[in-house]
Amino acid sequence: MKKNCKNFLFPLIVIWILGTLLHFVYDWTNQSSIVAIFGAINESVWEHGKLAFWPLAFYFLLQALQRKLSWKDAAVGAAVACWSAVITMIMLFYTYTGATGLESLVVDIGIFFFVTFIGLLFGKRAAAKPGKSAATYLFAAAAFLILFIAYLIFTFAPPLLPIFISAV
């Protein structure tokens, strides 16, 4: 139990705290352009994906910096964690709002907690899996970079699609 707390539960709680803070940091910094890259700048589904993306990416970066994971395995973990969290968030949000016609802050918060749990779980498992090929590492790095670049670009130049439009 102690090992699980140290290796999963503690990082998950830190990810939840960081993600929650990222929801507010843009307004706290008088809408800083630099902070806009990391924090949600509006109430769109896309912007809320940052709340999961950045803390999960930071976790795997930290694992590599502390030499708990190789850079290659950290890239795999980050790619799997971030993509699974962001895709699951989008899927769950549009499924529940489409099915019920309602939006609920409580459900939205629950989705955030769930997708970061799933992202961390899947990312850690993917990073720890032995015998990955060079192509796997390359694909993971490319997949992570695509999502990273998409967050950079679409923060400042979002397409006119519902996922990028603020509900408020």
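This is a predicted model: local features need pLDDT of at least 70, side-chain atom pairs count only at pLDDT 80 or more; totals for chains, interfaces and linings use all residues.
Which side chain makes a polar contact with the side chain of Asp-73?

Now the answer. The partner is Lys-132, and the two side chains come to 3.0 Å. Asp-73 sits in helix α4, which covers residues 71-100. Is Asp-73 buried or exposed? The cut-off for buried is under 20% relative accessible area. Asp-73 has 16%, so Asp-73 counts as buried. Set aside neighbours within four places in sequence, and Asp-73 is in contact with Ala-127, Lys-132 and Tyr-137.

Ala-127 takes us to helix α5, where Ala-127 is one of the buried residues. Others buried in α5 include Ile-111, Phe-112, Val-115 and Leu-120. Let's check the length of this helix. Helix α5 runs over residues 105-128, which is 24 residues. At 1.5 Å a residue, the span should be 34 Å. The end C-alpha atoms are 35 Å apart, which agrees. What caps the N-terminal end of α5? Ser-104 does. One of its side-chain oxygens lies 3.3 Å from the backbone nitrogen of Val-106.

Next, the core. The largest nonpolar core has 44 residues. Phe-53, Leu-56 and Phe-60 have the most contacts inside it. Which elements give two or more residues to this core? They are α1, residues 2-28, together with α3, α4, α5 and α6. Take Leu-56. Not counting residues up to four places away in sequence, Leu-56 touches Ile-15, Ala-81, Cys-82 and Ala-85, as well as Thr-116, Gly-119 and Leu-120. Of these, Thr-116, Gly-119 and Leu-120 are buried residues of α5.

Last topic: the rings. How many aromatic pairs does the structure hold? There are 17. Look at Phe-53 and Tyr-151. Their ring centres are 5.1 Å apart and their planes meet at 40°, so this pair is tilted. Phe-53 lies in helix α3, residues 45-65, and Tyr-151 in helix α6, residues 134-156. The pair therefore ties together parts that are 98 residues apart in sequence. Both residues, Phe-53 and Tyr-151, are buried.

Now compare Tyr-59 and Phe-60. Here the centres are 4.9 Å apart and the planes stand at 85°, so the pair is edge-to-face. Tyr-59 and Phe-60 are both buried as well.

Ring pairs also build a cluster. Phe-38, Trp-46, Phe-53, Trp-54, Phe-144, Phe-148, Tyr-151, Phe-154 and Phe-164 are linked in it.

Conventions
Residues are numbered from 1 along each chain as its sequence is written. Side-chain values use heavy atoms; hydrogens and water are left out. Rings of Phe, Tyr and Trp (its six-membered ring) pair if their centres lie within 6.5 Å; planes under 30 degrees apart count as stacked, over 60 as edge-to-face and the rest as tilted. Helices (H or I, at least four residues) and strands (E, at least two) are DSSP runs, numbered from the N terminus. Buried means under 20% relative accessible area, exposed over 50%, partly exposed in between (1.4 Å probe, protein chains only). The expected span of a helix is 1.5 Å times one less than its number of residues. A polar contact is a pair of N or O atoms within 3.5 Å; within protein, one must be able to donate a hydrogen and the other to accept it, and residues adjacent in sequence count only if both atoms are side-chain atoms. Contact means heavy atoms within 4.5 Å. A nonpolar core is a set of buried Ala, Val, Leu, Ile, Met, Phe, Trp, Tyr and Cys residues joined through side-chain atoms within 4.5 Å.
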